[in-house]
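The paragraphs below are meant to be read with the picture open beside them.

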Amino acid sequence: MKVPIINRSNNPLPAYATKQSAGLDLYANLENEVCLQPMERRLIPTGIFLALPEGYEAQIRPRSGLALKKGVTVLNTPGTIDSDFRGEIQVILVNLSSEEVCIQHGERIAQMVIASYQTVEWQAVEALDKTSRGEGGFGHTGTK
């Protein structure tokens, strides 16, 4: 699938790290480093603008290495970029560690997964079909 993209940064276009990667790496587009204090969250620009086709979304997800090594993750995960959005993709990062973490220009900050979706049309009914699970939820299957 070809997707129109504008890159207003001097970073590479979002790219797959390996041939079978699902997510494309997104890079911070910063004039100055951004330092996040413990529990602080900030909106980090990427300089990327997309025109996704109808029926597709971009999901913004954390990078596992950034989360494990620095305690920084994406808030509102996964963030959804709708197909009619034409603004800059920005990523909400939060520092869950106990130390200050600084984000540099060009650093890989998140990954973006392009996924298809379907819209629904609600059908109001009086009752739902029965299943073996029923209304069980929130750990109803136990821990074993």
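Two strands are said to pair if DSSP finds at least two bridges between them, and the strands themselves (E, at least two residues) are DSSP runs that are numbered from the N terminus. The model is a predicted one, in which local features need pLDDT of at least 70 and side-chain atom pairs count only at pLDDT 80 or more, while totals for chains, interfaces and linings use all residues. Residues are numbered from 1 along each chain as its sequence is written, and side-chain values use heavy atoms, with hydrogens and water left out.

With this in mind, strand E3 (residues 24-27) and strand E12 (residues 108-116) can be seen to run antiparallel, joined by 4 bridges. Within this pair, Leu24 has Met112 in E12 as its bridge partner. Both strands belong to an open sheet of 5 strands, which is ordered E2-E3-E12-E7-E9 and paired in the antiparallel sense. Strand E2 (15-16) and strand E9 (79-81) are at its edges, and because each has a single partner strand, one side of each is left without a neighbour in the sheet.

There is also an open sheet of 3 strands, again with antiparallel pairing, in the order E5-E10-E8. Its edge strands are E5 and strand E8 (72-74), each of which pairs on one side only. Between E8 and strand E10 (residues 90-95) there are 3 bridges, in the antiparallel sense, and Val72 stands opposite Asn95 in E10.

If neighbours within four places in sequence are left aside, Thr73 is in contact (heavy atoms within 4.5 Å) with Pro62, Ile92, Leu93, Val94 and Leu96.

Apart from neighbours within four places in sequence, the contacts of Ile44 are Ala28, Leu30, Val34, Gln90, Val91, Leu93 and Ile109. One of these, Val34, is 10 residues away from Ile44 along the chain, and the C-alpha atoms of the two are separated by 8.4 Å.
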